[in-house]
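Here are a few friendly notes to read alongside the model.

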Number of protein chains: 2
Amino acid sequence: MEKEVTIYDIAKILEISPATVSRALNDHPAINSKTKVLISAKAMEMGYRSNTFASNLRRRSTNTLGVIVPRLNSHFMSAVLAGMEQEANESGYNLLISQSLESAKKEISNAKTMFNSRVDGLMASVAYDTETFEHFENFIKKGVPVLFFDRIIDHPKCSGVAIDNVLAGYEVTSHLISQGCRRIMHVTGNLKRNVYSGRLKGFQNAVLEHGLKLDDDLVVVTDLSQEAGKFVAQRISEMEFQPDGIFISNDLCAVTCMKALKEKGYLIPDDIAVVGFNNDPVSQVIEPNLTTVYYPGQQMGEVAVRSLINHLKGTQPIDVSETIILRSELIIRGSSTKMAVSY
Amino acid sequence: MEKEVTIYDIAKILEISPATVSRALNDHPAINSKTKVLISAKAMEMGYRSNTFASNLRRRSTNTLGVIVPRLNSHFMSAVLAGMEQEANESGYNLLISQSLESAKKEISNAKTMFNSRVDGLMASVAYDTETFEHFENFIKKGVPVLFFDRIIDHPKCSGVAIDNVLAGYEVTSHLISQGCRRIMHVTGNLKRNVYSGRLKGFQNAVLEHGLKLDDDLVVVTDLSQEAGKFVAQRISEMEFQPDGIFISNDLCAVTCMKALKEKGYLIPDDIAVVGFNNDPVSQVIEPNLTTVYYPGQQMGEVAVRSLINHLKGTQPIDVSETIILRSELIIRGSSTKMAVSY
DNA sequence: ATTTGCATTGCAACCGATTGCATTAAATTT
DNA sequence: AAATTTAATGCAATCGGTTGCAATGCAAAT
């Protein structure tokens, strides 16, 4: 273990005060530019590196943003994280990432860790079964901005970045109806989460608006896992009045369901049209290709970080929360395009 | 912004010294157990939270592990990260994650950030075009352990976690040969990276061992992107002596290639058998399902963290580097199973 | 020549927890 | 009862930057 070079070492060698060294290295305006050059050259030469802790301790900020996501290993989330990382990195912030594994308990524990690590800001996409808000309240009390993304919680003091899930759900459903579907099933996740309740809402709006009937049997709440996809296919095959269209709130689940339906002999889209959500790579591999909703994960991550940093820098007042709605896009592919549409 | 509670506040109220408070909270053996109870109760009551920076500054350690990956948004990487996060979390460590986007330059800059953040240990999977080792050298000089995973660099002072790529490449190729393939193409990535050079080596070994001919035309170095998949399909269709099997070192690329080949009228596996690598979800969606090599991302992440922490805790001496080889598994599916094998 | 103003730099007190060493009180031994 | 351990706590220095305020020097203004 080598000894670290400190600003005191530099100061001693150059016979100036540590304060000047500190200011010079931080490009403080009161320092003569020649002195700055001299100091930074020496610092470089001596292999100096700033001690973040000493700095953080004194400045009371960490230059670190916390992120809590349900799962790291989903196509969408990794896109979000990639965007966050890129944007944070460009602004000189670090990212502290943890996953709740869809458990409220772990989310609370993660939040506590982030809190103790004194992150400057927190970004979270909440777990399936999160009910309370208490673990975020601490941050707000201390003036640490909290921003939700994708799975957001509506709170007057928290910003949010999401898509218009109601609209997306509405568009998907309208599309299915325009393709001739009259009995559409909707497979969704925990309705506590805005993403799922919103899409359901959009689904219901579209169904009603087109004069179709809402049928409780046609709304299936699952965990949207691949197993759930198989389960849904099985359930459909056992139904008396089978649906002619399905809207599944997750591509991986939708694809598994399609595979199972195909195995049971259903023709897609003729017997049953299918639409997913997320534009996961698998949607372009399944035959026929899966109609889905694209929404920009990478961009969502970038926007979230940018918004949070604006708050931190005071560009945006901290007590003004904003909700940013990103555009989503229905991508129509073979799984929902009935060739002969008869009205 | 509320005022933070410090050990001094607790000390003042209880009329004891801050030193005792500090020791009590850290469960120091020299402190009376009744005093401990008293102090921690008071700390809890006052909403005390330890200031990590003050502590880090004094203790000269951060409880943080750095991770540098080529890309966050790949199925494999997110599995690795999920594993790392879980294991680190359980051991009380935080994760600082950044991506190089396959650029050596960004990797170097990321390494510098990690270095300045004084991570206790570093885990890295190197970028496509990384040539130098210098940016890791700094860590080693300071006694910070560096561990490579998946895309590893062989260095006497660094540990590594990976699979046996030579063996995996050998198994894939032998399998294709056993299915009757006699002219096998291998599509791979930058050969500077062990994962690709290893698999190529295994490929070559298998080809030679079975008395087949090595043909330079049949080894294609690409970036393994989806575009590369299309490109390969095009190239095959233009070849005079076309291959009857392809081994592509990445599932997403392989799947795109398969799709393109199917569009061109090739029958898979009968005209051309295809094998990928990684067991990405798409491999089970493409028709026919893609034969591939599974290797445990989540587990790789867990093992990496555990190994690093063992080094840190001194369980494992820091100057003893180890290379852990995880088992990979060939998963045979339809894309490479020629029904009638004729010898 | 004296005053005023500005540009630089230094002093010294923080930030909050940790820890070697000293101290005190209580328990044990002789 | 005196001497010696042992247990428990306190003192004060330390980790390395940061920053309000004071001090210095020199040029411009009066």
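1. Let me start with B:Ser125, which is buried at a relative accessible area of 0% (buried means under 20%, exposed over 50%, partly exposed in between, with a 1.4 Å probe and protein chains only). B:Ser125 sits in the loop between β3 (121-124) and α7 (134-141) of chain B; helices (H or I, at least four residues) and strands (E, at least two) are DSSP runs numbered from the N terminus. The B:Ser125 side chain reaches the backbone oxygen of B:Phe149 at 3.1 Å. Beyond four places in sequence, the contacts of B:Ser125 (heavy atoms within 4.5 Å) include B:Ile68, B:Pro70, B:Asp150 and B:Arg151.

2. A word on conventions: this is a predicted model, where local features need pLDDT of at least 70 and side-chain atom pairs count only at pLDDT 80 or more, while totals for chains, interfaces and linings use all residues. Residues are numbered from 1 along each chain as its sequence is written, chains are lettered from A and ligands numbered from 1 in the order written, and side-chain values use heavy atoms, leaving out hydrogens and water.

3. B:Arg151 leads on to a salt bridge with B:Glu102, at 3.0 Å from N to O (a side-chain nitrogen of Lys or Arg within 4 Å of a carboxyl oxygen of Asp or Glu). The two residues are 49 apart in the chain, B:Arg151 in the loop between β4 (146-149) and β5 (159-163), B:Glu102 in the loop between β2 (94-99) and α6 (104-116). Both count as buried, B:Arg151 at 8% and B:Glu102 at 18%.

4. Now the interface: chain A and chain B bury about 4,600 Å² between them, 55% of it on carbon and sulfur atoms (the accessible area, 1.4 Å probe, that two parts lose on being put together, summed over both). Chain A supplies 49 residues to the contact and chain B 48.

5. Which charged pairs cross between the chains? The rule finds six salt bridges across this interface. One of them pairs A:Glu4 with B:Lys142, with the closest N and O atoms 3.7 Å apart. A:Lys106 and B:Glu85 also meet, at 3.5 Å; A:Lys106 lies in helix α6 of chain A and B:Glu85 in helix α5 of chain B, so this pair joins two chains. Do look at the burial here: A:Lys106 has a relative accessible area of 19% and B:Glu85 one of 4%.

Notes
A polar contact is a pair of N or O atoms within 3.5 Å; within protein, one must be able to donate a hydrogen and the other to accept it, and residues adjacent in sequence count only if both atoms are side-chain atoms.
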